[in-house]
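Q: Hi! I'm new to this one and would like a friendly walk through it. Can you show me the structure?

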Amino acid sequence: MFSDSFYGKVLHMTLGEDIKKFFKGEVWEDADARKRYSRDASIFELLPRLVAAPLDSGDIKSLVKYVTDQHDPSLSITVRAAGTDMSGGPLSESLVIDMT
């Protein structure tokens, strides 16, 4: 949430909109994308808040810095690839980075 002192309004920006300001790769926070990344080959299912596909290592560095700077214990980063893991390891209720 950001405040606009000129108009005296509070602007609500989604997590994805905030991240898209510096992230060059793809950022998805729509229900379909989040559902696709909520499962792996295990029996578990966790719906992430956001999925990001970095364009390069700079995107990953920027995202790690962003999450660290937020000081929000509910924000974390989970990295995943093809989703073939059978332990639920690549699943998260926070941010998922797709490395494929």
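A: Below we chat about a helix, some salt bridges and a serine in a loop. Keep in mind that this is a predicted model.

Q: Let's begin with α3. How many residues does α3 have, and how far does it reach?

A: Helix α3 has 14 residues. From its first C-alpha to its last it reaches 20 Å, close to the 20 Å expected at 1.5 Å a residue.

Q: Which residues in α3 are buried?

A: Asp59, Leu63, Tyr66 and Val67 are buried in α3. Looking down the axis of the helix, these buried residues fall within an arc of 95 degrees, so they line one face of α3.

Q: What covers the buried residues of α3?

A: The cover includes α1 (15-20), β4, β5 and β6.

Q: And which residues are exposed on the other side of α3?

A: Over there, Lys61 and Lys65 are exposed. For Lys65, the relative accessibility is 53%.

Q: What happens at the start of α3?

A: A side-chain oxygen of Asp56 reaches to within 3.1 Å of the backbone nitrogen of Gly58 there.

Q: Which residue follows α3?

A: That is His71, and its phi is positive, near 50 degrees.

Q: Switching topic: how many salt bridges does the count come to?

A: The count comes to 5 salt bridges. As background, side chains of opposite charge can pair when their charged atoms come close.

Q: Which residue forms a salt bridge with Lys65?

A: Asp69 does, with the closest N and O atoms 2.7 Å apart. Both Lys65 and Asp69 lie in helix α3 (residues 57-70), 4 residues apart, about one turn of the helix. Asp69 is partly exposed, at a relative accessible area of 42%.

Q: What about Asp18, which residue does it form a salt bridge with?

A: Asp18 forms one with Lys21, and the closest N and O atoms are 3.0 Å apart.

Q: Is Asp18 buried or exposed?

A: Asp18 counts as buried, at 11% relative accessibility.

Q: One last topic, Ser94. Where is Ser94 found?

A: Ser94 sits in the loop between β5 (77-80) and β6 (95-98).

Q: Why is Ser94 called buried?

A: Its relative accessible area is 2%, and buried means under 20%, so Ser94 counts as buried.

Q: Which residues is Ser94 in contact with, leaving aside its neighbours in sequence?

A: Leaving aside neighbours within four places in sequence, Ser94 is in contact with Pro48, Arg49, Leu50, Ser74, Leu75 and Ser76.

Q: And what lies 3.2 Å from a polar atom of the Ser94 side chain?

A: That would be the backbone oxygen of Ser74.

Key:
Residues are numbered from 1 along each chain as its sequence is written. This is a predicted model: local features need pLDDT of at least 70, side-chain atom pairs count only at pLDDT 80 or more; totals for chains, interfaces and linings use all residues. Side-chain values use heavy atoms; hydrogens and water are left out. Helices (H or I, at least four residues) and strands (E, at least two) are DSSP runs, numbered from the N terminus. Buried means under 20% relative accessible area, exposed over 50%, partly exposed in between (1.4 Å probe, protein chains only). A polar contact is a pair of N or O atoms within 3.5 Å; within protein, one must be able to donate a hydrogen and the other to accept it, and residues adjacent in sequence count only if both atoms are side-chain atoms. Contact means heavy atoms within 4.5 Å. A salt bridge is a side-chain nitrogen of Lys or Arg within 4 Å of a carboxyl oxygen of Asp or Glu. The expected span of a helix is 1.5 Å times one less than its number of residues. The arc is that of the directions from the helix axis to the C-beta atoms.
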